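Please read the following alongside the sequence and the 3D view. The text goes from confidence to the folded parts.

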Amino acid sequence: MKRLRIAVVGLVFVALTMGARIACSAPPLPRDSIYQLDADLTDETGQAMAFSGLRGRPRVVTMFYTSCRYICPLIVDSIKTIERGLTAQERERVGFALISMDPERDNPAALKKVMAERRLDSSRWTLLRPAPGDLRALAGLLGIRYRALSDGEFNHSTMLVLVDAEGRVLARTERIGGDPEFLAAVHAAAAG
Amino acid sequence: MSRKAALIALALLGAACPSAGEGTPGWAMLPGGQFRSALALADAPQGSPVARFVMMEMPVTNQQFLEFVRANPRWQRDRVPTALAEPRYLSHWDGPTRLGNRSLPDGPVVWVSWFAADAYCRAGGARLPTWSEWEYAAAADATRRDARSDPAWRERILEWYAEPSVAVLPAVGTDAPNAYGVRDLHGLVWEWVEDYSALLVSADNREQGDPDELRFCGAGAISASDRESYAVLMRVAMLSALEGANATANVGFRCARGP
């Protein structure tokens, strides 16, 4: 009985100290941050990270998949257009994160290939594979709807989401062909 | 003292929800099989296999959800991340951890976002059912596993949709169990499913015809292989209109597990 008590107290102690360590590692996120979602991802270099690991600078966040032949190349194009429209100084301050909706096939190697083929600057572009169990939640957070088809393609909607350094949504657009208001919001975020 | 410590340890581990499994009271086993959805899915005209799974016999109640938010304060309405639940989340309760007279303890919990429903199921080692699983379970009546072709059964379901909403939802479980032992799939609340956001015809896939129909025209426009299944198509229209952070007066949920 006494041993059980010691074990239980020990467990409580471990839980409390672990909680304290997590709480002290970074200032708390604002309540309206998208990074409040607990989700695990792996980037194109194979580095595992939490979704909140994207905090720290304004970012354009969206979803895609590498084997997509139709709309996804246009998603990359549209973000590259935004990138080109920024001043050199603004460019240094923003990030672009593309999360795959096809974690089965989009391993780090597949993501890295797209980085190279599309000449994406790794200092601000990040391609991410989500843990399969977190995919639907990430899509929901971004306002993206999708359905996997039996031929390996996906039906999906498109949404670019601009968040500030803490993950608060500043702007959204479904118009990937260029949306002046969204672009203005990216300029403002990069300037701030 | 040690009992108190044990309780704290349990709370810290978030062990508020009973884990699920076959033969667990409150959970029904569904054998699965080839299932034809009432939706016309261009890539699966002959239907799709539904694997064997278990499902909660009844929707999650206010009392069960109250226990969950007590053990997981992050999901209390005054603390929940606003990206994961809109302002009306649990607004029918008297307080963040108090029910009150607009929410019976045994009534189905509503005003919950998809993220909150997902978190509840995960905390119990379960998940939300997929749309296919839900539709498969809901095709059964008291004696038949697929009663969808029976006009009388369809009529009875549609009657519920024609009734005005009540201010306080009645208790779960008053409905007779269906052939699998599952209750309240029709007639009480609408329910979140894991892939709620898969119920669209994309506006982006250039290969599809009429891609905007579902989004802009609702259930009337969805391509349906079974046009008589209005009740199912209404569910699809409803879910396709919701975002994950939304909470409404009539949408609750139940959890599933497996295969």
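Where pLDDT is low, the predicted coordinates should not be read in detail. Chain B has a mean pLDDT of 82, with 78% of its residues at 70 or more. Residues 6–21 of chain B have pLDDT below 50, and the model gives this stretch 32 contacts beyond near neighbours in sequence.

This is a predicted model, in which local features need pLDDT of at least 70 and side-chain atom pairs count only at pLDDT 80 or more, while totals for chains, interfaces and linings use all residues. Residues are numbered from 1 along each chain as its sequence is written, and chains are lettered from A and ligands numbered from 1 in the order in which they are written. The model scores are ipTM 0.83 and pTM 0.84.

Chain A contains an open sheet of seven strands in the order 2-1-5-4-3-8-9, with mixed pairing. Helices (H or I, at least four residues) and strands (E, at least two) are DSSP runs numbered from the N terminus, and two strands pair if DSSP finds at least two bridges between them. At the edges of the sheet are strand 2 (48–50) and strand 9 (169–173) of chain A, each pairing on one side only. On average, neighbouring strands of this sheet are turned by 30 degrees against each other, direction ignored; axes are lines fitted to C-alpha atoms, for helices over the stretch in contact, and angles run from 0 to 180 degrees between N-to-C directions.

Within this sheet, strand 1 (residues 40–43) and strand 5 (residues 125–130) of chain A run antiparallel and are joined by three bridges. A:Leu41 stands opposite A:Pro130 in strand 5 of chain A. Helix 5 (residues 135–142) of chain A packs on the sheet and touches strand 3 (59–64), strand 4, strand 5 and strand 8 (160–163) of chain A. The direction of helix 5 makes about 130 degrees with that of strand 3 of chain A.

In chain B, seven of the eight residues of helix 4 (residues 131–138) are buried, that is, with 20 or more other C-beta atoms within 10 Å of their own, where 12 or fewer is exposed and in between is partly exposed, C-beta atoms being placed from the backbone. Among the buried residues are B:Trp131 and B:Trp134. B:Gly47, in the loop between strand 2 (33–35) and strand 3 (48–50) of chain B, counts as partly exposed because it has 15 C-beta neighbours inside 10 Å.

Methods
pLDDT is the predictor's confidence in each residue, from 0 to 100. Two residues are in contact if their C-beta atoms, placed from the backbone, lie within 7 Å.
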